[in-house]
Amino acid sequence: MNSGSIPSSPSATQPAAASHTGAPADWTPSSWRNRPSVQQPHYPDSAALARTLGELSHLPPLVTSYEIEGLKTAFAEASRGERFILWGGDCAENFADCTSAAIAARLKILLQMSLVLVHGTRKRIVRIGRFAGQYAKPRSAMTETRDGVELPSFRGDNVNRPDFTAAARTPDPTLLLRGYERSALTLNFIRALVDGGFADLHHPENWDLDFVKHSPLAAEYQRMVDSIGESLRFMESLAGGAILAMQRVDFYTSHELLLLEYESALTRQVPRREGWFNLSTHLPWVGLRTSDPDGAHIEFCRGIANPIGVKVGPDTHAESLLRTIRALNASNEPGRVLLVTRFGAHQIGPGLPRLVRAVKEAGLAVVWVCDPMHGNTETVVPSSGAWAGKSVKTRKFAHVLAEVEQAFEIHRNECTVLAGVHIELTGEDVTECTGGARGLTDDDLSRAYRSSVDPRLNYEQALELAMLISRRHGSGASR
Ligand code: PEP
Ligand code: CO
């Protein structure tokens, strides 16, 4: 999202058209309506929904087709091991967290992690936030029952409200407009920060989070910053001037492609380009619960030109995965399909190699990414502290790390490339996952647990994960 590089006239400096931007002949932005669609809210007021969708379909896009094409090219490079993908953010964004402090903190942690990864891997990093639109969540049950009262489940700020009342839980289509606006506000601020030099590699001090100096990792991080600063100064003295490319970085957005009405309203054709682009985000992904190759979500994604993430887990069958990949990528375009594997530390060993082999034997071009979060969620019951005796959802840092380590190992053995990681994290000092350098225990969870959905790595745990990946899988490590 290097908005400074966007030409005022898109024809001027666009990358060459990708090989597959034309939609299949039997696809339309509404062909998904003929397929079974799961996880969709039921809007009782269909006239209000139609009004909102009409309005959304006339509002300007949030991202551009040439940013999307640039990202796809970067993914193709990552699939060849030339770049590394850092994809992270909250499980779900809230409308209330659309504040300058929260947005800057998210950007800072991703920048710090990417600096650590550049240092260790010596590869360019593709930075993608789970932000500017991550407002809808899949749920395992359509309804929730409390004290004999049954109401629709809360599905995220784009759909309904969390209070347990009939009014709050009734899906409200105007929230789609509020979500679109919050996404635009978030993007606007990120683009302005990036354009204004916030991400300048010459000034990593801009990215310090308040508590960085108290972190046990602070010294190691500072050494990396200093070493990168020295290399930059050395290169610039050789080049005889500032290396401008170091003054800015690209940031891309992503969210789970869940609400098909919303996504279709923002799917457009653009001048001088073939096909259809989903302009609500750069990188939509299809969650585990909606990844049926015959379902509406895959049908919708089949015809859009964006790169598409597909979650893959222990119950994914090789045959159905191959059908999904072929449906999404009939022309086998590199960089088009990202397989985001989320097995859990105990299941990746038996589960991932068979899928890697099946995809490899079928000759399908995919980008392998490891999500070490969603297969490692567990419930614990703290024995002391404010939450003693209560069930809490958490993840152990050691399991997260173990899954990433095994993913590297499996891809190395299969001669495939692990192109990146997909992490749930926050730039804040929360206590939602246990372990890490500070050794958070189950009893610490009650101190600063803020997620209403999945537990996120806090700032230090996220930075530590980046350091460990860098140390063990950097260019100096045995491969
Ligand atoms: C998520 O990424 O927040 C999510 C719900 O993941 P999955 O579909 O893999 O369970
Ligand atoms: Co999640």
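This is a predicted model: local features need pLDDT of at least 70, side-chain atom pairs count only at pLDDT 80 or more; totals for chains, interfaces and linings use all residues.
Cys91 is buried at 1% relative accessibility, as is Asp454 at 10%, where buried means under 20% relative accessible area, exposed over 50% and partly exposed in between (1.4 Å probe, protein chains only).

Asp454 also belongs to the second largest pocket, which has a volume of about 830 Å³ and whose 33 lining residues include, closest to its centre, Lys137, Arg139, Lys393, Val453 and Asp454. On a 1 Å grid over the protein atoms alone, a pocket is an open set of points where a 1.4 Å probe fits, with protein on both sides within 12 Å along at least five of seven lines, and lining residues have an atom within 4 Å of a point; the volume is the space filled by probe spheres set on the points, which are joined across faces, edges and corners. The elements giving two or more residues to this lining are β3 (143-146) and β13 (392-394).

A search of the whole structure for disulfides, defined as pairs of cysteine sulfur atoms within 2.5 Å, finds 0. The sulfur of Cys301 is 19 Å from the closest cysteine sulfur, that of Cys91, and is therefore too far for a bond; likewise, the sulfur of Cys370 is too far for a bond, because the closest cysteine sulfur, in Cys433, is 14 Å away. Cys301 is buried, with a relative accessible area of 0%, and Cys370 is buried at 0% relative accessibility.

Residues are numbered from 1 along each chain as its sequence is written, while chains are lettered from A and ligands numbered from 1 in the order in which they are written. Local features need pLDDT of at least 70 and side-chain atom pairs count only at pLDDT 80 or more, whereas totals for chains, interfaces and linings use all residues; side-chain values use heavy atoms, with hydrogens and water left out.

Methods: Helices (H or I, at least four residues) and strands (E, at least two) are DSSP runs, numbered from the N terminus.
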